[in-house]
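Student: I would like to go through this structure with you. Could we take it piece by piece?

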Amino acid sequence: MSSPKPLLIIMNPVTQSDRDQIARHFEVIFTPTPEQYAQAIADHASRVEVVMTIGAIGLTAEQMDALPNLKLVYSMGAGYEKIDLDHARQRGIKVANGAGTNDSCVADHAMGLMIAVIRGIPRLDQLTRQGVWRTQLPLPPNVSGKKLGIVGLGGIGEKVALRAQAFEMQIGYHNRRPRTGSAHRYFSTLEELAQWSDVLLVAIPGGDATFHLIDAGVLSRLGANGYLINIARGSVVDTAALECALREQTIAGAALDVYEGEPQLPVGLADLHNVVLTPHVAGWSPEAMQAMVQMFLDNTERLYADEPLLTPLC
């Protein structure tokens, strides 16, 4: 890249060490709050060439139009639901993402959530600290041998399936269309998959097209012995319907890394013992973050060399 360094705005949480690595190639302005972003635009709009964001933050058409020399919008993770791709195309702005960089990390976490909720590990930990012994407790079910239904057999879904096979789980999935070459059982409707599944794992993008896709009807199909795992986006699950199903025990349990209204936890979930919660960290690890940073740098190197991007969205 030529000197002086091009100006990059980073909108999403990124560690200081990762920002230092990126700063070898860019002049970096870190704007993790809307107020900081607005100030950076007021001061530097004409110089901004790249914006880093994430799917849950995005970049709107109006925000793009405030940056006359914007060349690239980059989503640090796989999601891009709040980036206006159509407007980027109209403006000739390239958009790319970090597809594949944290798939293994998310799949690891998904399996951890699955084991935790089915075996009741967080609750057992609390009870053990209170002096409760196993003879006072119901038997927790096996994970092995259960039927795992994956909603969205993409990169993450495939890696979860690979791990689940080591637990001798049967694998089914629902996509808009069957995945060519997949050995797993395809279900043409979400309802059929939920009816078949012991565990329903959600691994699809967020956005309007998938809003509340997991609703009361799907949860009723999953049934009283079924478990819901969500490592996708909180918007995909109808929180009110899920709370009702958990309280009335029309499903056995849920494990959520994402939820509506993040970072605030929905009040109705906080006191439930049949839900395991983590704060949207499934894709976060030192290894995953380094892979995401490297993918960003590899894409921007190609951008300034006028070469095709590695992970283009438009």
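Student: How are helix 5 and helix 7 oriented to each other?

Tutor: This is a predicted model, in which local features need pLDDT of at least 70, side-chain atom pairs count only at pLDDT 80 or more, and totals for chains, interfaces and linings use all residues. Residues are numbered from 1 along each chain as its sequence is written, and side-chain values use heavy atoms, with hydrogens and water left out. The axes of helix 5 (residues 103-119) and helix 7 (residues 155-165) cross at roughly 50° and come within 8 Å. Helix 5 and helix 7 are therefore oblique to each other. Angles under 35 degrees count as roughly parallel, over 145 as roughly antiparallel, 65 to 115 as roughly perpendicular and the rest as oblique. The axes are lines fitted to C-alpha atoms, for helices over the stretch in contact, with angles from 0 to 180 degrees between N-to-C directions. Helices (H or I, at least four residues) and strands (E, at least two) are DSSP runs, numbered from the N terminus.

Student: Which residues of helix 5 and helix 7 meet?

Tutor: From helix 5, D103, S104, V106, A107, D108, A110 and M111 meet G155, I156, K159, V160, R163 and A164 of helix 7. Contact means heavy atoms within 4.5 Å.

Student: Changing topic, is N299 buried or exposed?

Tutor: N299 counts as buried because its relative accessibility is 0%; buried means under 20% relative accessible area, exposed over 50%, and partly exposed in between (1.4 Å probe, protein chains only). N299 lies in helix 11 (residues 286-304).

Student: What does N299 touch?

Tutor: Not counting residues up to four places away in sequence, N299 touches Y74, A96, N97, L309, L310 and T311.

Student: And where is E192?

Tutor: E192 belongs to helix 8 (residues 190-196). With 40% relative accessibility, E192 counts as partly exposed. Leaving out residues up to four places away in sequence, E192 touches F187 and R221.

Student: Which peptide bond is cis?

Tutor: The bond from E262 to P263 is cis, with omega near 5°. P263 sits in the loop between strand 11 (253-256) and strand 12 (275-277). Most peptide bonds are trans, and most residues other than glycine have a negative phi.

Student: What is the phi of Q249?

Tutor: Phi of Q249 is near 55°, a positive value in a residue other than glycine. Q249 is in the loop between helix 10 (239-247) and strand 11, and is exposed, with a relative accessible area of 57%.
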